[in-house]
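Me: I would like to learn how to read a few features of a protein model. Please give the general idea each time, then the case at hand.

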Amino acid sequence: MQHIDGQEISVAIDLDQGARIASLQWRDMQFVVPFRGTPLSWGWYAMGPWAGRIRDGILVFGEDEYELPTMWTPPHAIHGFGFTSSWEETGSGRAQLILPEPYGGAVLSQTVEVLDDAVRWILEYESNGCELPAWLGFHPWFPRELSRGGEAELNFSAAKMLERDEDGMPSGKFVSPKPEPWDDAFTEIQGMPSIVWEGAARLDIESDAPWWVVYTEDTDGICVEPQTAPPDAANLGLVGDHYIETLFT
C-alpha cells in the first residue's frame, strides 16, 4: 500500500489491486466505494491501455486482429490490464506497470498527488515501439451515501452522447443525451461535472478529457469517468491521447 496524507485528505493506494485508490478520506468522510467482490466495482482505478469495452475482445489494427481478455464482461474486453495487475512503486504516489502482450513492452505510469483540498491523478502511456492503438481513462467509484449528509446528486451535462446498439456497445452514431440512468459515453461536456452530498460535501471533477463515461445504474455508487477516447475507440476509427490528468476538488 501507498499512503499519502495531506492536511485534510488522506489517500491509500493498493498497488497489488490495480494501483487503485482504495481509500480517500476528507475530514471524517470516505469518498471511495469499498471492495464488493470484483475488481470492476470498487475503488478508483486507472484504465489502460484501453478504457471501456472492446467489442468481442477483438482489437483490429491494420490487417491484423488481436485477442484481448474477456473474462470480466464476456464477450467483450474491458478497461485494459491495469485494474487487475500488480504495479511497481516508483516514488511517493507514483507507480508503473509494464504491459503484457499484445502490448508487450509498453508502460503505464500513474501519479497521485494530494493537495490542500484536492487530489490530482495523472496517467501516462509509453508505447516503447508498440504500434497498437491505446487510450486512457479514470474509473472512480463515488459512494451514493457518505457517513452523513444527503444522497449523492450528480451534476453532469453534455451536448452529445454515443448511441448504444443492441449489444450495449457504441454504434459510432451521435444522439442527444437521454435521461438517466446512464451507462453511456458523452462528449462536448457543458460546465464542470460535480457530485453533491447535501449538508456534507461537494466534489468537482476537472479534466481536459474529450470523452466522459457516466454510470448511474448501481445502487451503491456513481462513476464519472474522464477518458481520452470512448469505449471501442480503435474499432470505431477514433484515437485518444496517451496522457490524462484529472483534478478532484
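Reply: Start with accessibility: a residue is buried under 20% relative accessible area, exposed over 50%, and partly exposed in between, using a 1.4 Å probe and protein chains only. Arginine 27, at 52%, therefore counts as exposed. The model is predicted, so local features need pLDDT of at least 70 and side-chain atom pairs pLDDT 80 or more, while totals for chains, interfaces and linings use all residues. Residues are numbered from 1 along each chain as its sequence is written, and side-chain values use heavy atoms, with hydrogens and water left out.

Me: With which residue does arginine 27 form a salt bridge?

Reply: A salt bridge is a side-chain nitrogen of Lys or Arg within 4 Å of a carboxyl oxygen of Asp or Glu. The partner of arginine 27 is glutamate 8, with the closest N and O atoms 3.0 Å apart. Arginine 27 sits in the loop between strand S3 (20-26) and strand S4 (29-30), and glutamate 8 in the loop between strand S1 (2-5) and strand S2 (9-14). Strands (E, at least two residues) are DSSP runs, numbered from the N terminus. Glutamate 8 is partly exposed, with a relative accessible area of 32%.

Me: How many salt bridges are there by this rule?

Reply: The count is 13. One of them joins aspartate 28 and arginine 148 at 3.2 Å, N to O; this pair links parts of the chain 120 residues apart. Arg55, Asp165, Asp167 and Asp232 are linked in a network of salt bridges.

Me: How many aromatic pairs does a search of the whole structure find?

Reply: Rings of Phe, Tyr and Trp (its six-membered ring) pair if their centres lie within 6.5 Å; planes under 30 degrees apart are stacked, over 60 edge-to-face, and the rest tilted. The search finds 20 aromatic pairs. In one, the ring centres of tryptophan 50 and phenylalanine 81 are 5.2 Å apart and the planes are at 75 degrees, so the pair is edge-to-face. Tryptophan 50 is in the loop between strand S5 (44-47) and strand S6 (53-54), and phenylalanine 81 in the loop between strand S9 (77-78) and strand S10 (88-91), so the pair ties together parts 31 residues apart in sequence. Tryptophan 50 is buried at 0% relative accessibility, and phenylalanine 81 is buried at 9%.

Me: Which residues do ring pairs link into a cluster?

Reply: The cluster holds Trp44, Trp121, Phe138, Phe142 and Phe248.

Notes:
Helices (H or I, at least four residues) and strands (E, at least two) are DSSP runs, numbered from the N terminus.
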